[in-house]
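Trainee: I am new to this structure. Please take me through one part of it closely, the sheet and what surrounds it.

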Amino acid sequence: RFRRLVRGVYILAGSELDLRIWLRALLLVLPSDAVVSHITAVHLYGFDIGQPWPLHFSTNASTHTRHKGVRVHRRKGRLTAYELDGIPVTGPDRTLVDIATKVGLVQLVQAIEWMLHRRMTTIDGLAAYAFARHLDGVRRVRRVLTLVRDGVESPMETVLRLMIVCARLPEPQCNVDILSSDGRFIARGDLVLARWKILVEYDGWQHERDGRQRQHDRERRELLEA
């Protein structure tokens, strides 16, 4: 009737397992001050980045774990736990600093802009955090902040903009309202180079799979071109 998740922790055999179930199970056997951290914390916040396993936790306690697929980081500085669905997790700013040396530049900028869009942090708040602390990752966060922009609404917009910038082309504005000559709203553009009347957009799979969406996109494009 039961399935063992980790030593001493069981769940009904037919239960569906997801990230939150695994985290709750492991928190039962880790030190009482343990919090979800690093890449795992980013996944818990809702952004898929890197591999979800191994699961990362941080603690101030002196501990070693033999649980397969688990990494526990011992921290000297005091950990401040936030709660997501009752699960303790490092705060957004600390999480971004923690992953800074674990992911590539593009992924780090994606994660920062994703959290900015969801109002989990601000550019000024993250900058203040990174410049006030001496933690692994703060130097990299300070450097990439020059590439971070507010108002980005999807991770692929981040990738497109960085491709344009790294090609030494003029940097486009993000999510700009495009108006007609008489001031009427026409569309909202992902990446806009208004001076040259260039619009760059990323269309996900739904734009090709949905006939109604394709028709809407075609009409929108014709209106923009006109």
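Mentor: What follows starts with the sheet, moves to the helices on it, and then turns to the pockets and the cavity. This is a predicted model: local features need pLDDT of at least 70, side-chain atom pairs count only at pLDDT 80 or more, and totals for chains, interfaces and linings use all residues. Residues are numbered from 1 along each chain as its sequence is written, and side-chain values use heavy atoms, with hydrogens and water left out.

Start with the strands. The sheet is open and has three strands, in the order E8-E9-E10, with antiparallel pairing. Its edge strands are E8 (173-179) and E10 (198-200), each of which pairs on one side only. Helices (H or I, at least four residues) and strands (E, at least two) are DSSP runs, numbered from the N terminus. Two strands pair if DSSP finds at least two bridges between them. Strands of a sheet pair through backbone hydrogen bonds, either parallel or antiparallel.

Now look at E9, residues 185-193. Three bridges join E9 to E10, and the two run antiparallel. Leu191 stands opposite Val200 in E10.

Two helices come next. Helix H7 (residues 155-166) lies across E8, E9 and E10. H7 runs at about 55 degrees to E9. Helix H9 (residues 211-225) packs on the sheet and touches E8, E9 and E10. The direction of H9 makes about 80 degrees with that of E9. Contact means heavy atoms within 4.5 Å. Axes are lines fitted to C-alpha atoms, for helices over the stretch in contact, and angles run from 0 to 180 degrees between N-to-C directions.

The largest pocket holds about 580 Å³ of space. E8, E9, E10 and H9 each give two or more residues to its lining. H9 gives the most, with six residues. In total, 23 residues line this pocket, and Ile178, Lys197, Leu223, Leu224 and Glu225 lie nearest its centre. By class, the lining divides into twelve nonpolar, two polar and nine charged residues. Here Ala, Val, Leu, Ile, Met, Phe, Trp, Tyr, Cys and Pro count as nonpolar, Asp, Glu, Lys and Arg as charged, and the others, Gly among them, as polar.

How are such spaces found? On a 1 Å grid over the protein atoms alone, a cavity is a set of points where a 1.4 Å probe fits but cannot get out; a pocket is an open set with protein on both sides within 12 Å along at least five of seven lines; lining residues have an atom within 4 Å of a point. Grid points are joined across faces, edges and corners, and a volume is the space filled by probe spheres set on the points.

H7 leads on to the cavity. H7 and helix H4 (105-117) each supply at least two residues of its lining. H4 gives the most, with four residues. Among the lining residues are Trp114, His117, Pro155 and Thr158. The lining has three nonpolar, four polar and three charged residues.

Finally, the second largest pocket has a volume of about 440 Å³. Helix H3 (residues 92-99) gives the largest share of its lining, four residues.
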